[in-house]
Amino acid sequence: MRREKNEMKKTHWFILAVALIVVYMVLKNLGGVSKWISGLLSVLGPFLMAVLVAYLLYIPCRKVEKLFKKSKLFKKRARVLSVLFIYIIAVLLIVLLIKTVIPTVTESVIDLTKNIPSYYDMAIEYVEEIPEDSIISRETVEGIIGKIQNIKIEEILTLDNISMYIEKAVGLASGVFNIVVTIIVSVYILLERTEILTYLRRLTKAMFPQETYRRIDRYFIKGNTIFFKYVSSQVLDAIIVGIIMTIALTIMKVKYAVLLGTMIGLFNLIPFFGAIIAVALAALITLFTGGITQALWVIAVLVILQQIDANILNPKIVGDALEISKILIILSVTVAGAYFGILGMFLGVPIVAVIKMMIDDYIENNEEQTTKELSWQIK
């Protein structure tokens with residue numbers, strides 16, 4: 001027995017030493033490792049996007065498949081027909097978006113870009129009218145404008161930058177190829193989703209003990225519910241907010257109403273901070289295009305509409321998808337945004353919600369175990 005214990009101790013120390021060496025080597029070559037990981041992610045990008053697309057279209061496909069299965073004529077081909085139907089609807093929606101919203105937004109962006117010099121002159125006039133005892137010092141504003149003024153077109157159109165633009169054009173062609181790969185792979189994932197999930201369940205069951213497998217399965221189901229509810233509800237809320245804001249700005253006769261409404265809808269995907277940034281940008285653009293009075297009205301109307309969305313509309317759509325406090329939401333958006341950009345700001349909230357669910361489960365299990373031990377001691 002002692003020999004076995006000594007052997008076990010030696011084995012544990014050996015595993016610990018190997019783990020420490022591996023961690024040391026990874027930290028030592030962190031630059032190379034991060035480069036390798038980024039390269040791997042760029043290669044797997046289309047496949048990861050395909051998983052995301054299939055994930056978002058899974059629920060609609062499943063519901064349409066159930067409808068097709070009710071008909072004897074389409075029962076055998078229900079899955080194929082459901083995937084085909086959903087993709088046709090998705091393509092039609094994209095075409096509708098391209099035909100209606102995108103041209104207006106593009107036209108507004110081009111017009112806004114052309115008018116930037118006149119807006120710049122207007123900003124100079126505002127600065128000159130700022131009183132000496134103003135809260136915003138004239139020197140600060142002039143410093144910011146001076147930095148913008150020092151940007152020269154000649155510096156932008158250097159040989160290095162031109163080569164960079166060419167690389168971006170090549171990257172655009174590569175992006176089109178990646179989109180095609182994403183669509184094809186996502187179709188196959190939706191068609192073979194039952195086989196894929198069954199295989200993953202079998203693999204998990206073979207790798208882990210029964211109790212661990214049950215827990216992983218539970219986390220997967222609950223995590224999937226949280227992610228899907230959050231992503232779908234946030235996208236739906238963003239679309240509704242974008243439409244409402246566009247209508248409100250159009251009624252107020254604000255220039256670039258469609259562009260600003262679309263921008264506010266997109267920023268609304270980011271909890272808390274998105275709404276603040278969107279209102280600030282919309283007010284700034286309106287300040288130059290419509291004057292101070294219209295900008296103040298835009299701020300007032302947008303703030304009221306954002307409050308209605310935050311307190312009435314969003315809770316109705318999202319429901320109980322996220323059972324976490326506001327502090328955790330702000331923390332997750334801040335940290336994930338700092339490390340992973342806009343995508344991190346969007347996905348940080350459901351990730352934290354899943355982590356919180358796992359921690360809550362761990363606490364509950366420990367409390368149950370402690371309660372059982374105390375009750376045994378009392379007996």
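Student: Why does Phe74 count as partly exposed?

Tutor: Buried means under 20% relative accessible area, exposed over 50%, and partly exposed in between (1.4 Å probe, protein chains only). The relative accessibility of Phe74 is 34%, so Phe74 counts as partly exposed. This is a predicted model: local features need pLDDT of at least 70 and side-chain atom pairs count only at pLDDT 80 or more, while totals for chains, interfaces and linings use all residues. Residues are numbered from 1 along each chain as its sequence is written, and side-chain values use heavy atoms, with hydrogens and water left out.

Student: What class does Phe68 get, buried or exposed?

Tutor: Phe68 stands at 19% relative accessibility and therefore counts as buried.

Student: Why is the pair of Phe68 and Phe74 given the type it has?

Tutor: Rings of Phe, Tyr and Trp (its six-membered ring) pair if their centres lie within 6.5 Å; planes under 30 degrees apart are stacked, over 60 edge-to-face, and the rest tilted. Here the ring centres are 5.7 Å apart and the planes stand at 80 degrees, so Phe68 and Phe74 form an edge-to-face pair. The structure holds one aromatic pair.

Student: What makes α3 roughly perpendicular to α10?

Tutor: Helices (H or I, at least four residues) are DSSP runs, numbered from the N terminus. Axes are lines fitted to C-alpha atoms over the stretch in contact, and angles run from 0 to 180 degrees between N-to-C directions. Helix α3 (residues 78-114) packs on helix α10 (residues 257-267) at about 105 degrees, with the axes 8 Å apart. Under 35 degrees is roughly parallel, over 145 roughly antiparallel, 65 to 115 roughly perpendicular, and the rest oblique. Therefore α3 is roughly perpendicular to α10.

Student: Which residues of α3 and α10 meet?

Tutor: Contact means heavy atoms within 4.5 Å. Val101, Thr104, Val105, Ser108, Val109 and Leu112 in α3 meet Val258, Leu259 and Thr262 in α10. By class, that contact has six nonpolar, three polar and no charged residues. Ala, Val, Leu, Ile, Met, Phe, Trp, Tyr, Cys and Pro are nonpolar, Asp, Glu, Lys and Arg charged, and the others, Gly among them, polar.

Student: How do you know that the span of α9 agrees with its residue count?

Tutor: The expected span is 1.5 Å times one less than the number of residues. Helix α9 (residues 210-251) has 42 residues and should span 62 Å; its end C-alpha atoms are 61 Å apart, so the values agree.

Student: What follows α9?

Tutor: Lys253 does, with a positive phi near 60 degrees. Most residues other than glycine have a negative phi.

Student: Why do Lys253 and Tyr256 get the accessibility classes they have?

Tutor: Lys253 is at 71%, so it counts as exposed. Tyr256 has a relative accessible area of 7%, so Tyr256 is buried.

Student: Why is Gln294 called buried?

Tutor: Gln294, in helix α11 (residues 273-318), has a relative accessible area of 17% and is therefore buried. Not counting residues up to four places away in sequence, Gln294 touches Met252, Lys253, Val254 and Thr286.

Student: How do you know that Ala54 is buried?

Tutor: Ala54, in helix α2 (residues 30-69), has a relative accessible area of 4%, so Ala54 is buried. Leaving aside neighbours within four places in sequence, Ala54 is in contact with Ser186, Ile189 and Leu190.

Methods. Helices (H or I, at least four residues) and strands (E, at least two) are DSSP runs, numbered from the N terminus.
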